[in-house]
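Please examine the sequence and the three-dimensional model shown below. The paragraphs that follow lead through helix packing, individual residues and aromatic rings in turn.

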Amino acid sequence: MMRYTLLIAFAAITLRWLLHADQAIVDGHTFSPIHLLALLLVVFFAQRGAMQADRNITFPMLVRTGFRNAAVYALLIAVFAYALYVWIDPLYFPIHINERVDLAVADGIAEADARKRFETMFSPFNYATLTLVAFMGAGIVYALLVGAFHHKVLRKLG
């Protein structure tokens, strides 16, 4: 069951890295729908595998299986996001921060204050942490919804 999680995570990471290598301007927010779809697939295949292994699996066990795999996916993507912005594209956040500082200075805010505030907010660590938390939240929702679908619908079909 975990092999699908690793395969899907590897596919998402590879796609994101290839887009970066092709110099396509893709930030995390633009790529998020792909990650959310991948996360849904991770949960679905993990729970499907659990149901195939044990036809009498309980709903809480389905949810646990789905969330466990979602958590692994979220962790892998968060680690990749951190690595991407620290080692692969280290200029992403400085450029982003400079753009925001310029806008703040145009609005009359002191440059030093704006820079300090934006450098605190926009960092690879904060981005990776936000990614982890958001995907963990989506993972539990998916695990509950897909678990209910498996438990109530797919169990009866096959």
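Contact means heavy atoms within 4.5 Å. The model is a predicted one, in which local features need pLDDT of at least 70 and side-chain atom pairs count only at pLDDT 80 or more, whereas totals for chains, interfaces and linings use all residues. Residues are numbered from 1 along each chain as its sequence is written, and side-chain values use heavy atoms, with hydrogens and water left out.

Leaving aside neighbours within four places in sequence, Leu40 is in contact with Tyr142 and Val146. Leu40 and Gly139 are 99 residues apart in sequence, yet their C-alpha atoms are 7.6 Å apart in space. Leu40 counts as partly exposed because its relative accessibility is 31%; buried means under 20% relative accessible area, exposed over 50%, and partly exposed in between (1.4 Å probe, protein chains only).

Two packed helices are described by the angle between their axes and the distance between the axes. Axes here are lines fitted to C-alpha atoms, for helices over the stretch in contact, and angles run from 0 to 180 degrees between N-to-C directions. The axes of helix 2 (residues 28–53) and helix 6 (residues 124–157) come within 8 Å and cross at roughly 40°. Helix 2 and helix 6 are therefore oblique to each other, given that angles under 35 degrees count as roughly parallel, over 145 as roughly antiparallel, 65 to 115 as roughly perpendicular and the rest as oblique. Their crossing is right-handed; a crossing is left-handed if the near helix is turned anticlockwise from the far one by less than a right angle, and right-handed if clockwise. By class, the contact of helix 2 with helix 6 has 14 nonpolar, seven polar and two charged residues. In this classification Ala, Val, Leu, Ile, Met, Phe, Trp, Tyr, Cys and Pro count as nonpolar, Asp, Glu, Lys and Arg as charged, and the others, Gly among them, as polar. Among the residues that meet are Leu36, Leu39, Val43 and Gln47 in helix 2, and Phe135, Ala143, Val146 and His150 in helix 6.

Gln47, also found in helix 2, counts as buried because its relative accessibility is 0%. Not counting residues up to four places away in sequence, Gln47 touches Leu62, Val63, Gly66, Ala143, Val146, Gly147 and His150.

Ala74 belongs to helix 3 (residues 59–88). With 0% relative accessibility, Ala74 counts as buried. Beyond its neighbours within four places in sequence, Ala74 is in contact with Leu132, Phe135 and Met136. Ala74 and Leu39 are 35 residues apart in sequence and 8.0 Å apart in space, C-alpha to C-alpha.

Helix 2 also packs against helix 1 (residues 2–21), at an angle of about 165° and with the axes 9 Å apart. Helix 1 and helix 2 are therefore roughly antiparallel to each other, and their crossing is right-handed. Ile8, Ala12 and Leu15 are among the residues of helix 1 that take part, and Phe31, Ala38 and Val42 among those of helix 2. The residues of this contact divide into 11 nonpolar, three polar and one charged.

Helix 4 (residues 92–106) and helix 5 (residues 111–121) pack at an angle of about 140°, with their axes 9 Å apart. That makes helix 4 oblique to helix 5, and helix 4 passes helix 5 in a right-handed crossing. The contact of helix 4 with helix 5 comprises six nonpolar, one polar and four charged residues.

The aromatic rings complete the picture. The structure holds nine aromatic pairs; rings of Phe, Tyr and Trp (its six-membered ring) pair if their centres lie within 6.5 Å, with planes under 30 degrees apart counted as stacked, over 60 as edge-to-face and the rest as tilted. The rings of Tyr85 and Phe93 have centres 5.1 Å apart and planes at 70°, so the pair is edge-to-face. Both Tyr85 and Phe93 are buried. Tyr92 and Phe93 form another edge-to-face pair, 5.1 Å centre to centre with 85° between the planes. Tyr92, at 22% relative accessibility, counts as partly exposed, whereas Phe93, at 7%, counts as buried. Tyr85, Tyr92, Phe93 and Tyr127 form one aromatic cluster.

Definitions and conventions:
Helices (H or I, at least four residues) and strands (E, at least two) are DSSP runs, numbered from the N terminus.
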